[in-house]
Amino acid sequence: MAYQMWMIRVLVLAVVLCGGVPWGAVCAPAANPIDAASMQAIAKSIGWGVKSSDPCTWAGVSCNQVGRITSIVASHAGLRGYLDGGDLSKLTFLSKLDLSFNGLSGSLPVLPTPLQFLRTIDLGSNSFNRLPDGFYAGLPALETIVLDNNRLRFAWSEQSDIPSSRLRSFSANNVSMYAGFPNFFGNATLFPALERLSLARNQIWGTVHTGFGVNSKISYLDIGGQTGNADDRMNGRLDVFIVGMLNLVEAHLDHYGFSGPLPDASHLVNLRVFDASYNDLCGSPKFPIGTVVDLTGNPRVGRGC
């Protein structure tokens, strides 16, 4: 009887302390005051309608045991407005940010204080129109970033601000990237962990350097569908860089200016998809058995070079 009375008191105390949360649910702490103020400011600037003053209770927001915000997922949320880097940089425990498929605009945020734990960012399918200098400086732990389907209109060079060496996946399809091909992504010393690189449907020109991707971990490569004048298209020879990408599983190299012999890819045992359609390649295809190969639009394939 005494034990039953003690259990009833524990249950009552738990309900009181957790604000009416049912027994068996986790009694989460309230958001840290700094995080709460920052999230309220962010919500106001991007039109995120919320009913509670405590961000730890918002749908898509996760907090740790001491009320620090660790994850924000608000994809397809009808958000509009500008993302302020000053407010965002106060969320010092943030590890994931997903604001994809909204209507956010203006410049990508520059963080005055680097976020040491932010590893994953998805800002794809918004209306951002500028990638400012210093954007990556505030992301020292960045592993995965998606910027697809924005109108960032930027050029990249070897001297430009580049992402963290921890980078594992970089996707910037259809962002109006222009100027020379960023060959530094194929440097396994700069990016020892990079596995996925996707830069399709931009206005990139120039030559893919000999040895691009050699000894790298890149397994997925999509640099196809570049637009622009014929003289400004990308170019290069597949037989001088593809053959060294031993971890390659899927390659999309269509609608470029690649010319010369097809690569002898028979030793690339992981390769499953190879699309080099609409280039100017010649020679005989040599690929691992089972690889799906698309060489449409290469009239000299099967002929001598």
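User: Where is Ser-100 found in this structure?

Analyst: The model is a predicted one. Strand β4 covers 96-98 and strand β5 covers 103-107. Ser-100 is found in the loop between β4 and β5.

User: Is Ser-100 buried or exposed?

Analyst: Residues under 20% relative accessible area count as buried. Ser-100 has a relative accessible area of 3%, so Ser-100 is buried.

User: Which residues does Ser-100 touch, not counting those up to four places away in sequence?

Analyst: Good one to check in the viewer. Leaving out residues up to four places away in sequence, the contacts of Ser-100 include His-76 and Asp-122.

User: How many residues apart in sequence are the parts that the salt bridge of Arg-68 and Asp-35 ties together?

Analyst: The side chains of Arg-68 and Asp-35 meet in a salt bridge at 3.0 Å, N to O. Arg-68 lies in the loop between β1 (61-63) and β2 (69-73), and Asp-35 lies in helix α2 (residues 33-46), so the pair ties together parts that are 33 residues apart in sequence.

User: Which strand holds Arg-300, the salt-bridge partner of Asp-280?

Analyst: The closest N and O atoms of Asp-280 and Arg-300 are 3.3 Å apart. This pair links distant parts of the chain, 20 residues apart. Asp-280 sits in strand β18 (residues 280-283), and Arg-300 sits in strand β20 (residues 300-301).

Methods
Residues are numbered from 1 along each chain as its sequence is written. This is a predicted model: local features need pLDDT of at least 70, side-chain atom pairs count only at pLDDT 80 or more; totals for chains, interfaces and linings use all residues. Side-chain values use heavy atoms; hydrogens and water are left out. Helices (H or I, at least four residues) and strands (E, at least two) are DSSP runs, numbered from the N terminus. Buried means under 20% relative accessible area, exposed over 50%, partly exposed in between (1.4 Å probe, protein chains only). Contact means heavy atoms within 4.5 Å. A salt bridge is a side-chain nitrogen of Lys or Arg within 4 Å of a carboxyl oxygen of Asp or Glu.
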